[in-house]
Amino acid sequence: MTGHADVIVIGAGIVGSACARACAAQGLKTLVLDAAGVGGGATAAGMGHIVVMDDSPAQLALTRRSQQLWEGISAELPADVEFERRGTLWVAVDEEEMHEVRRKQAVYAAAGVRTEVLDARAVAGAEPELRPGLAGALLAPADAVLYPPAAAAWLLQQAVSLGAERLGPQRVAAAARGEVRMEDGSKLCARWIVNACGVGATQLLPELPIRKRRGHLVITDRYPGFVHHQLVELGYLKSAHAVADESAAFNVQPRQTGQILIGSSREFGAEDTEINRSLLAAMLRRAEIYLPRIGRLRAIRAWTGFRAATPDKLPLIGPWPEDGSLMLATGHEGLGITTSLATGELVAAEITGIRPGIAAEPYLPARFLNGSPAASEQLLFGEAAYD
Amino acid sequence: MTQTFDILVIGAGPAGVAAATAAAEGGLRVGVVDDNPSTGGQIWRRGAASPAAARRWMEQFESAAITRLMGWQVIDCLRLGPDGGVLRAEGNTPGGEAADLHFRRLILATGARERFLPFPGWTLPNVMGAGGLDAMVRGGLPIEAKRVVVAGTGPLLLAVAAHLKERGAQVMAICEQASPAQMAPLGWALLRQPSKLRQGMGYRWTTRKTPYLTRCWPLAALAESSVGESDGQNSQPRLRSVRLQREGRQWTVECDYLACGFHLIPNTELAALLGCAMRDGFIVTDEQMQTSMPGVWCAGEPTSIGGVECSLLEGQIAGLAAAGKTGAALALSKRRAGMQAFVEALERACRLDPRLRDLAAEETIVCRCEDVRMAALRGRSDGRDAKLHTRCGMGPCQGRICGGATEFLFGWRAGQVRPPLYPALVSSLMEEEAAGSVAGGAEYAVSEGIENV
């Protein structure tokens with residue numbers, strides 16, 4: 001087996017693959033391990049929405065940087081990644097939400113993100129299937145959609161072509177102090193170990209402040225042109241469902257295949273992959289409020305996945321202070337597809353000491369080691385909305 | 001819509017018909033759901049020249065007080081507990097109405113489907129399932145004077161060939177992939193089942209002028225315009241001939257139809273959704289046909305491929321047992337043990353020759369819904385990995401067609417079963433469970449007749 005590596009990335013989801021690519025690009029000798037195929041966890045379960053979000057300045061910086069990085073490689077992406085600059089339409093139902101549209105536009109403008117305010121008429125023109133009587137929308141034209149498993153596979157393939165090595169599927173039993181031990185007893189050593197296991201990160205490091213937040217998605221048969229943009233309710237950010245343990249919001253995506261992805265739901269405390277029927281039903285009814293004819297489409301599959309949620313809605317990117325060899329790249333909740341690229345950049349910058357595109361501080365895992373983590377977790381989980 | 005039953009039977013083929021008829025004798029409220037517009041299942045379609053036994057069963061079934069929900073497809077199980085549960089079904093109507101079917105006890109008689117194997121040209125028009133072509137002919141497809149090659153494996157081939165012949169088709173060849181040695185135990189088992197033997201001999205007599213070739217299979221279906229280039233994507237290429245192979249010899253037979261079926265795959269998706277234990281792809285039951293889930297019975301092909309008689313017997317056992325008539329169910333289950341030899345012989349006779357794995361060329365389509373070719377599937381670690389990275393099995397058939405092929409080709413097993421079990425209107429998944437009490441309540445007065453099992 002391969003001797004001493006600079007970096008071992010555990011997890012070949014989109015985040016792990018992006019980290020491997022970024023490390024290999026810096027000339028680091030990189031190994032990638034995964035228990036199963038590429039992008040089979042949250043990467044496969046998610047929508048694949050490249051979106052700039054403004055829940056917090058740190059989230060805005062991370063998503064904005066990532067979107068630019070995606071834009072930068074968009075011409076290289078192979079066809080199966082299905083990258084399409086669809087744009088996000090943040091739909092406002094009333095005047096109150098139109099105020100939010102204008103506030104959001106100002107925040108985005110300050111960050112250099114161009115958006116466009118659509119009035120009621122313009123929204124109806126842009127998306128005829130939306131119900132009449134909406135107040136308007138904010139269009140973020142640079143947002144995109146893609147097919148995440150293929151994107152992860154491409155990033156990993158890029159890493160390999162830059163010299164990274166992918167080892168066959170095997171389960172990691174432990175990873176600490178520069179040593180990774182497999183379940184079969186074999187060991188690998190490296191200066192750095194990157195834990196990019198999504199919700200599985202706590203299996204290797206139980207003290208991480210990560211909780212599973214289950215989500216549901218439904219995909220329909222092919223209905224090309226039914227919707228054109230990623231459609232998200234603006235109430236997504238402010239409504240009560242963000243506080244509840246279980247909530248559904250309107251979030252619909254047109255796929256390149258003509259299929260429609262219908263989301264989304266959030267649930268804490270659900271550990272299995274079963275479909276929660278009443279939540280699924282609530283999610284679809286929510287979509288029907290915005291798209292009255294969506295009930296007539298044929299659904300061909302529904303599934304669930306787990307987001308890795310942190311107390312403050314920001315990922316854990318950077319060194320774990322308790323172990324000088326451990327680097328974290330997890331806790332991306334519902335934004336891992338977008339933020340994978342900036343995460344890779346931050347991880348590679350931390351390892352090599354080069355300057356990253358954005359400040360690393362807001363995402364450093366050390367932020368959870370001040371004071372009582374349990375107390376802050378309780379305080380912070382269950383706060384406002386995100387993803 | 002909501003309907004409430006003491007016993008709900010899923011599937012109106014022989015097993016479901018027998019189960020419902022047996023269960024209804026005690027005056028229980030029995031319902032039968034089937035996605036087909038007519039009863040009888042794949043094997044006894046209405047209008048077909050059915051054997052006398054089938055007619056007798058159908059007459060009993062039709063005259064019994066049974067609610068028949070034909071043209072309804074079960075898309076989900078909303079709830080299942082020891083006292084019963086709720087299934088959601090969608091009507092096969094333009095409006096696509098949804099119904100919640102409450103039951104105290106459930107009998108699964110979901111039957112089986114044909115296994116298809118990919119070979120060059122298998123996606124050409126007029127290359128179809130053996131049972132599929134048979135059903136289309138029963139449904140009115142003109143077959144007189146058409147040249148048909150029947151290929152694959154299993155007793156269905158002979159039955160289909162005989163029926164097509166009766167309808168005036170020119171059956172060019174019956175190609176059975178199995179070897180004579182492999183099929184010998186089936187012959188011995190048939191000697192103990194005179195009715196089956198008579199039936200089989202009758203089929204062979206009807207098709208006596210057609211060569212019945214063992215260890216023979218199609219290498220490629222060839223299109224009219226492009227000989228040798230059989231996966232042709234030209235505008236509507238038509239089937240012209242089939243290239244056959246038998247023990248190193250290859251030859252071409254001109255034909256209008258190629259009817260292919262590589263035996264049967266049990267329909268176990270609903271059982272899997274309910275959590276019923278499975279072994280080797282079949283539902284595990286006790287001698288009264290009860291599954292590992294209390295209150296859920298299973299009969300017919302999902303438990304083992306044993307033919308119509310076996311399905312009828314299992315259906316009766318399940319129906320009696322679900323109705324609480326344990327003694328009668330156990331008495332019948334002794335007869336079932338006697339059929340085991342046939343089931344095992346049939347399984348052996350239909351075991352697929354490993355060389356059939358080499359039929360698909362690199363560019364042969366394996367997943368028809370998503371046009372996934374063989375080359376894309378090689379090297380994938382499992383079925384889920386293949387699905388995520390090639391879209392194999394992601395289409396509207398939900399892997400029902402390609403799943404049987406990829407299981408044989410690569411050993412991939414189907415993943416977790418989730419609702420909807422079949423493509424369903426979004427509106428059918430939108431509704432909360434319709435009210436209705438499963439246990440107790442005045443509407444269940446009649447159900448007190450169910451003894452505790």
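1. Start with D272(A): leaving aside neighbours within four places in sequence, D272(A) is in contact with R214(A) and F306(A), where contact means heavy atoms within 4.5 Å. D272(A) sits in the loop between β15 (259-268) and α8 (277-290) of chain A; the helices (H or I, at least four residues) and strands (E, at least two) are DSSP runs, numbered from the N terminus. D272(A) is partly exposed at a relative accessible area of 42%; the scheme calls residues buried under 20%, exposed over 50% and partly exposed in between (1.4 Å probe, protein chains only). A polar atom of the D272(A) side chain lies 3.0 Å from the backbone nitrogen of E274(A).

2. A word on conventions. This is a predicted model, in which local features need pLDDT of at least 70 and side-chain atom pairs count only at pLDDT 80 or more, while totals for chains, interfaces and linings use all residues. Residues are numbered from 1 along each chain as its sequence is written, chains are lettered from A and ligands numbered from 1 in the order in which they are written, and side-chain values use heavy atoms, with hydrogens and water left out.

3. G41(A) belongs to the loop between β2 (30-33) and α2 (42-45) of chain A, and is partly exposed with a relative accessible area of 44%.

4. Now the helix packing in chain B. The axes of α1 (residues 14-24) and α8 (residues 307-322) of chain B come within 7 Å and cross at roughly 30°; axes are lines fitted to C-alpha atoms, for helices over the stretch in contact, and angles run from 0 to 180 degrees between N-to-C directions. That makes α1(B) roughly parallel to α8(B) (under 35 degrees is roughly parallel, over 145 roughly antiparallel, 65 to 115 roughly perpendicular, the rest oblique). The contact includes A15(B), A18(B), A19(B) and A22(B) from α1(B), and G315(B) and G319(B) among the residues from α8(B). By class, the contact residues are 9 nonpolar, 4 polar and no charged; Ala, Val, Leu, Ile, Met, Phe, Trp, Tyr, Cys and Pro count as nonpolar, Asp, Glu, Lys and Arg as charged, and the others, Gly among them, as polar.

5. Chain A has a helix pair to look at too. Helices α1 (residues 14-25) and α9 (residues 336-352) of chain A have axes that come within 8 Å and cross at roughly 35°. Among the contact residues are R21(A) of α1(A) and E345(A) of α9(A). The contact divides into 11 nonpolar, 4 polar and 2 charged residues.

6. Some backbone geometry to check. Most residues other than glycine have a negative phi, and most peptide bonds are trans. The G263(A) to S264(A) peptide bond is cis, with omega near -10°, and S264(A) is in strand β15 of chain A. The P419(B) to P420(B) bond is also cis, with omega near -5°; P420(B) falls in the loop between α13 (402-410) and β22 (424-425) of chain B.

7. Which phi values are positive? E82(A) has phi near 55° and R215(B) has phi near 50°. E82(A), in the loop between α3 (57-73) and β4 (88-92) of chain A, counts as buried at 10% relative accessibility. R215(B), in the loop between β11 (212-214) and β12 (216-223) of chain B, is partly exposed at 32%.

Methods
A polar contact is a pair of N or O atoms within 3.5 Å; within protein, one must be able to donate a hydrogen and the other to accept it, and residues adjacent in sequence count only if both atoms are side-chain atoms.
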